[in-house]
Amino acid sequence: MSNSAENIRNIALVGHASKGKTTLCEALLNAAGATERIGKVADGNTITDFDAEEKKRKISINSAVASAEYKGKAINIVDTPGLFDFEMGAAEGLRAADTAIIVVSARSGLAVGAEKAFKNAGSRRMARIFVTTKMDDDRADFYKSFNGIVAQFGTQVCPIVVPVVAGGKVVSYYNMIEDKAYAYDGAKRTEVAPAPEDAARFEAVKAVFAEAVAGTDEELMEKYFEGEELTKEEKIRGLKLGVADGTIIPVFALAGVNGTACDMLLDFVADVCPAPASEYAIDGDGEPVELTVDANGPLAAICFKTVADPFIGKLSYFKVISGKITSGINAYNGNNGKEERIGKVVKMFGAKQLDASELCAGDIGAVLKLNNFETGDTLCSKDKVLKLDGVKIPVASYKVAINAVKKGEEEKISSGILRLCEEDPSLAFVSNTETHQQILMGLGEQQIDVAVSRLKDKFGVDSSLAAPKVAYRETITRKVSAQGRHKKQSGGHGQFGDVFIEFEPYDTEKLEFAERIVGGSVPKNFFPAVEKGLNECMEKGVLAGYPMVGIKATLYDGSYHPVDSSEMSFKMAASLAFKEGVTNAMPVLLEPIVTLKAVVNDDAMGDIIGDINKRRGRVLGMTPTADGMQEILAEVPDAEMNTFSTSMRQITQGRGSFTTEFARYERTPEHISQKIIAEASAE
């Protein structure tokens, strides 16, 4: 088989969770002759759900690649997870593929995950196909699902393979391209005469197909209006045009569990789906460059997925846009400027690594042990530096504090989590020096739970989770004066320092120190010691021990001893003055306020605003977005945001998203302050 780009098809299986993507992948591989049987998710023996966590949980967690040859075409299938917590896998699959196959259950119809997949694939200008699976289920209703798709996405939705129903059951599948119906016995198909129980609807669907295909080309349209039948070749020509430019969104009915009608989807992928297309990159001068999919062109490949395994080492998945990747050449990273030699090149079949002599333009494969590449980086040559569009990484919005079960293993947690973040960039990890917590951020509870499980299995570290602490602040609300007098005599030189300091609220993060000493009551050489003593006291407030802000301290009087006074004496005196003064200056607790930008669907907007109000938030405004959503701008106390990620997903059914950014500190309500102070006293 030729390795030319024209003979390569890259497809991603995307959509809502539990709709049959992995099962469909199994059926397609089996129909292509790449496997001897169709694996089952429940049995843990599928090609693409090979990870231990996936087998344990019976769900897809990672994207996975499996390749097959069919009708002279090299077909790379990227199976992606559907759960929103593992959205990074779908982003990887869409970056690698040229066609998105959006999987919908014929039993439950269009789901939110399918809507999001359609939108995300459209933003990348990809060809899109809908597949209604589970047609073998007694509750399956193809036409209900089909009508739901048409209602949501418009008249460009076009039936390609539809079920022929008789006696309330699917008896065969009608292929619009071939104008033939086939009955299936397992994978074996037999041509039969279509005998639908609703002939009028069946003929109407055929008319929709014919009109959609004819509308892609003037010659085909003319023939259609003259009442002539289009040939199979003409139908394929029209479909190629329509699928490539998005004016046709094909729909297939099939059953992945037993592989029924999956061969017709494979035929369509081989005959109609687009080959890898040219892309634009940014060159070393910052100028856009169009890259055609040419094995003899300049090297440019996007790293769309990374696996960092402590046993097998690092595995970097690439889609080659231009040129070719071969073992032994120097790989230059267009993003970070680092260079290293390429070792082993492989094609992936789930967990299996199949040796490959090279990866040509348009193809998908992996390179072992590239240390300087991360997801989203561009592999190119040093002579022609290029940077491709990266992978769209979902923003981590759910956070927890992660603690080592055994003391002294904090470093192990840190190094292990950072390795997991290499694999999944939608995870983030920071050490909060203020709250002394290690914070793990992700897309949801399940993703965090999987990360904790992998941390134990891969790196041998037990960990526990807790709610992150909030970084409160303390300040004062009125102007006071206080004396600090430190005197100590223990034989020999004593210690003596005496200061009078005025404390007042001031708009500053750090302490604002000033002096207005008259007559040398405190020598100038002791001023730095007074300031240092005050700054040390600012680190721990008098209410709950949180750092203090917004204070101006003015040294205005004092006294000293020519022998017993020292820097340490005045530092201690300043500390005493601070504690007395701040305690009498009506100190209050401040809480961090974040600016929230939440993008939600119209029908969920009222509930989201209600939820924000319950969190003591203030809605500042609403703006419609280009894709028909609404952006809500609000300010919310950070302490109330910990469960917002879960609420957002529940209220919007996964359609919404949000970001937060620190805005400022505000006074904490009294009843909440008392609770925080009481908790701090109990520790």
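This is a predicted model: local features need pLDDT of at least 70, side-chain atom pairs count only at pLDDT 80 or more; totals for chains, interfaces and linings use all residues.
**Cores**

I looked up the largest nonpolar core, which has 94 residues, and Leu-24, Ile-101 and Phe-268 touch the most other members. A nonpolar core here is a set of buried Ala, Val, Leu, Ile, Met, Phe, Trp, Tyr and Cys residues joined through side-chain atoms within 4.5 Å. Buried means under 20% relative accessible area, exposed over 50%, and partly exposed in between, with a 1.4 Å probe and protein chains only. Helix α9 (residues 262-271) gives the most to this core, seven residues. Another core, of 28 residues, lies apart from it, and its members include Val-530 and Phe-570.

Residues are numbered from 1 along each chain as its sequence is written, and side-chain values use heavy atoms, with hydrogens and water left out.

Next I checked what Phe-268 is in contact with, leaving aside neighbours within four places in sequence. I got Ile-129, Ile-160, Ile-177, Leu-239, Val-243, Pro-250, Phe-252 and Cys-273. Contact means heavy atoms within 4.5 Å.

**Helix pair**

I then went to α7 (residues 218-225) and α8 (residues 232-245), whose axes come within 10 Å and cross at roughly 130°. Helices are DSSP runs of H or I, at least four residues, and strands are runs of E, at least two, numbered from the N terminus. Axes are lines fitted to C-alpha atoms, for helices over the stretch in contact, and angles run from 0 to 180 degrees between N-to-C directions. α7 and α8 are therefore oblique to each other; under 35 degrees would be roughly parallel, over 145 roughly antiparallel, 65 to 115 roughly perpendicular, and the rest is oblique. Glu-219, Leu-220 and Lys-223 of α7 make the contact with Glu-234, Arg-237 and Gly-238 of α8.

**Three-stranded sheet**

I found an open sheet in the order β12-β11-β23, with antiparallel pairing. Two strands pair if DSSP finds at least two bridges between them. β12 (288-291) and β23 (386-388) are at the edges with a single partner strand each, so one side of each has no neighbour in the sheet. On average, neighbouring strands of this sheet are turned by 40° against each other, direction ignored. Three bridges join β11 (residues 279-283) to β23, and Asp-283 has Leu-386 as its bridge partner there.

**Gly-519**

Last, I looked at Gly-519, in the loop between β31 (512-515) and α12 (527-538). Gly-519 counts as exposed because its relative accessibility is 79%. Its C-alpha atom is 9.2 Å from that of Asp-557, 38 residues apart along the chain.
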